There are 2 protein chains.
Amino acid sequence: MDKEKIRDLVKEIVKDMLQKAKQVPIAASNRHIHLSPEHVERLFGRGYQLTKLKVLSQPNQFAAKETVTLIGPRGKIPNVRVIGPARGNTQVEVSLFDGFTLGVKPPIRNSGDLKGSESITIQGPRGQITIKEGLICAARHIHMHTSDGEAFGVADGDVVQVKVDGPRGTIFSNVLIRVSPKYKLEMHIDLDEANAANIKNGYLGEIIAVESRNQVSGG
Amino acid sequence: MDKEKIRDLVKEIVKDMLQKAKQVPIAASNRHIHLSPEHVERLFGRGYQLTKLKVLSQPNQFAAKETVTLIGPRGKIPNVRVIGPARGNTQVEVSLFDGFTLGVKPPIRNSGDLKGSESITIQGPRGQITIKEGLICAARHIHMHTSDGEAFGVADGDVVQVKVDGPRGTIFSNVLIRVSPKYKLEMHIDLDEANAANIKNGYLGEIIAVESRNQVSGG
């Protein structure tokens, strides 16, 4: 058996084990920004294309080589990573702590739900823009593959509780389930939440309860 | 009835209601430092006395006018509040996020448990010291009056779970109970934990379970 086949087999076994135990790997997201194609050009120059630095766990997503500076009424945060590829609307995701630093109040929102969210100024090497809305603090959520949803007994849009152990043992409520055949099993929290529960990347959380079922697609 | 008597009566009624509901006001502690009398002199000058800026909720404690700068291998944090009065050993309490900023790893410890904790350099207006140990990330805890302990059915040294509601609803495990006739009912968490659960000062938490009983003083 070659290395690649052994790797695939191990991945398959780990996935089975996690599904049986209802366990989910946790990843802490640092502040980052998704840019619309138009805003890429305004910040980095006409015709500019983002450069892939590192492939991320969810499909087609990558950390770009490019970074921007966020400028708020109280302070600045430099070196904020751009996530590619360029897509629909510009969305900036920061922690509540970052909000204090900048002097703004990001609402806690699901990705894409930007209506009436916070304004922020974004500085790139070739330009500066101020978006009227688009700055949020991302709500806790779990990406999972369709087979994970079946194994865990949850559907897209359900809301669950996730427990993590340790000296800062914590149960997170209001964790949104997002199911797609394109997703890989992973819970996303921000740095405040990771620090509060003393979680390092790769730690496992356990889904211990379903708090609510999605009325549309849920069972 | 005069104003003072009404105030006392209201306090008494609120205390009764909180005890019945097993609810606890939550306070988020920003980074701060307790200094030994010797270190006050080395940082602020021979014979220096700390100046009271604001009385804190626990007895005799006050936020001092004085601040220091913490200096770690990666970065500095200025304007760190000194808590008075000067006492036994110097203890610096920061969040895990502050640990990243400084480039150090504060262990999660109860107040006073400093053996083998992290080293840090402290800069004052008249001098600079480096402590070999004393930098910690304070473990979650609840101060309560003896009568609160009786009403809640918990004793000094017990460990409980505390639930907070809202968009970032969270259940905190491993919350240490500290009972004294000198304490006022209050749960102390750090800024990472407050942000993770979207808690503002004065929010209430509910004690929902006792995780372990203190073998010495517990029932």
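**Reading a two-chain predicted model**

Author: Let's begin with Pro85(A), which sits in the loop between strand 5 (76–84) and strand 6 (91–93) of chain A. Keep in mind throughout that this is a predicted model.

Reader: Happy to start there. Which residues of chain A does the cis peptide bond join?

Author: For a cis bond, look at omega. Gly84(A) and Pro85(A) are joined by a cis peptide bond, with omega about 0°. Now look at the other copy: from Gly84(B) to Pro85(B) the peptide bond is cis as well, its omega near 0°. Pro85(B) is found in the loop between strand 5 (76–84) and strand 6 (91–93) of chain B.

Reader: And phi? Which residue has a positive value although it is not a glycine?

Author: That is Asn60(A), with a positive phi of about 70°. To find Asn60(A), go to the loop between strand 3 (52–55) and strand 4 (62–71) of chain A.

Reader: How many residues of each domain are in contact?

Author: Here 11 residues of domain 1 of chain A touch 11 residues of domain 2 of chain A. The two domains bury about 820 Å² between them, with 49% of that area on carbon and sulfur atoms. On the side of domain 1, Lys184(A), Asp190(A) and Asp192(A) supply 40% of the area buried against domain 2, more than any other three residues.

Reader: What is the count of salt bridges between these domains?

Author: The count is 0 salt bridges between domain 1 and domain 2 of chain A. Polar contacts are another matter to check: 4 residue pairs make them between the two domains, both residues of each pair being at pLDDT 80 or more. As for elements, strand 12 (170–179) and strand 13 (186–190) of chain A each give two or more residues to the side of domain 1 that touches domain 2. Strand 13 has the largest share, 3 residues. By class, that side of domain 1 holds 2 nonpolar, 2 polar and 7 charged residues.

Reader: Then what is a salt bridge, and where can I see one inside chain A?

Author: The idea is that side chains of opposite charge can pair when their charged atoms come close. The cut-off used here is 4 Å, from a side-chain nitrogen of Lys or Arg to a carboxyl oxygen of Asp or Glu. Asp98(A) and Arg31(A) meet in this way, at 2.9 Å from N to O. The pair links distant parts of the chain, 67 residues apart: Asp98(A) is in helix 3 (residues 96–102), and Arg31(A) is in the loop between strand 1 (23–29) and strand 2 (32–34) of chain A. Over all chains, a search of the whole structure gives 18 salt bridges.

Reader: How much area do chain B and chain A bury between them?

Author: They bury about 2100 Å², 53% of it on carbon and sulfur atoms. Phe97(B), Arg168(B) and Asn195(B) supply 30% of what chain B buries against chain A, more than any other three residues. In contact terms, 26 residues of chain B meet 26 residues of chain A.

Reader: And how many salt bridges cross that interface?

Author: The rule finds 4 salt bridges there. One to display is Arg168(B) with Glu193(A), whose closest N and O atoms are 3.4 Å apart. Helix 3 (96–102), strand 9 (128–138), strand 12 (170–179) and helix 5 (191–196) of chain B each give two or more residues to the side that touches chain A. By class, this side of chain B has 12 nonpolar, 8 polar and 6 charged residues.

Key: Residues are numbered from 1 along each chain as its sequence is written. Chains are lettered from A and ligands numbered from 1 in the order in which they are written. Side-chain values use heavy atoms; hydrogens and water are left out. Contact means heavy atoms within 4.5 Å. Buried area is the accessible area (1.4 Å probe) that two parts lose on being put together, summed over both. A polar contact is a pair of N or O atoms within 3.5 Å; within protein, one must be able to donate a hydrogen and the other to accept it, and residues adjacent in sequence count only if both atoms are side-chain atoms. Helices (H or I, at least four residues) and strands (E, at least two) are DSSP runs, numbered from the N terminus. Ala, Val, Leu, Ile, Met, Phe, Trp, Tyr, Cys and Pro count as nonpolar, Asp, Glu, Lys and Arg as charged, and the others, Gly among them, as polar.
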